[in-house]
Each structure stands twice: as structure tokens, then as C-alpha cells.
Amino acid sequence: MSKTTTFGHAPSATLISRLLASIDRLLMKSAEISNRNGDLPRFGL
């Protein structure tokens with residue numbers, strides 16, 4: 001018998017994590033466009 005238990009609390013998405021996710025999506029989209037154009041994407045900010 002297993003003695004593990006589940007924790008039913010999901011961490012809420014904070015404003016900072018949503019901001020970082022938006023920046024990540026923007027950088028990934030920029031890299032995809034650069035790759036499509038044949039350019040090397042710029043890494044970092």
C-alpha cells in the first residue's frame with residue numbers, strides 16, 4: 001500500500017510569471033521569424 005498523498009493546491013500564476021511567459025513567447029516568435037528569413041536570431045535581451 002502506498003503511503004503517498006497528493007497536495008490539492010495548485011500555485012497561482014503570479015504577475016511576474018505571466019510577464020516572463022509573455023517575454024518568452026515574444027523572443028521565441030522573433031527567433032522563428034529570423035529563422036524563416038534566413039537570419040541568425042539574436043540571443044538574450
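What follows is a set of questions and answers on this predicted model.

In this predicted model, local features need pLDDT of at least 70, side-chain atom pairs count only at pLDDT 80 or more, and totals for chains, interfaces and linings use all residues. Residues are numbered from 1 along each chain as its sequence is written, and side-chain values use heavy atoms, with hydrogens and water left out.

Reader: What span does helix H1 reach from its first C-alpha to its last?
Author: Helix H1 covers residues 15-37, which is 23 residues. The expected span is 1.5 Å times one less than the number of residues. For H1 that expectation is 33 Å, and the model comes close to it, at 33 Å.

Reader: Which residue follows H1?
Author: The residue after H1 has a positive phi, near 90°. It is Gly38.

Reader: What share of the 45 residues in the protein chain is buried?
Author: Buried means under 20% relative accessible area, exposed over 50%, partly exposed in between (1.4 Å probe, protein chains only). Of the 45 residues, the buried share is 2%.

Reader: Which residue forms a salt bridge with Glu32?
Author: Side chains of opposite charge can pair when their charged atoms come close. A salt bridge needs a side-chain nitrogen of Lys or Arg within 4 Å of a carboxyl oxygen of Asp or Glu. Here the closest N and O atoms are 3.8 Å apart. Three residues from Glu32 in H1, about one turn of the helix, the partner is Lys29.

Reader: Is Glu32 buried, partly exposed or exposed?
Author: The relative accessible area of Glu32 is 41%. That value lies between the 20% and 50% cut-offs, so Glu32 is partly exposed.

Methods
Helix = DSSP H or I, 4+ residues; strand = E, 2+ residues; numbered from the N terminus.
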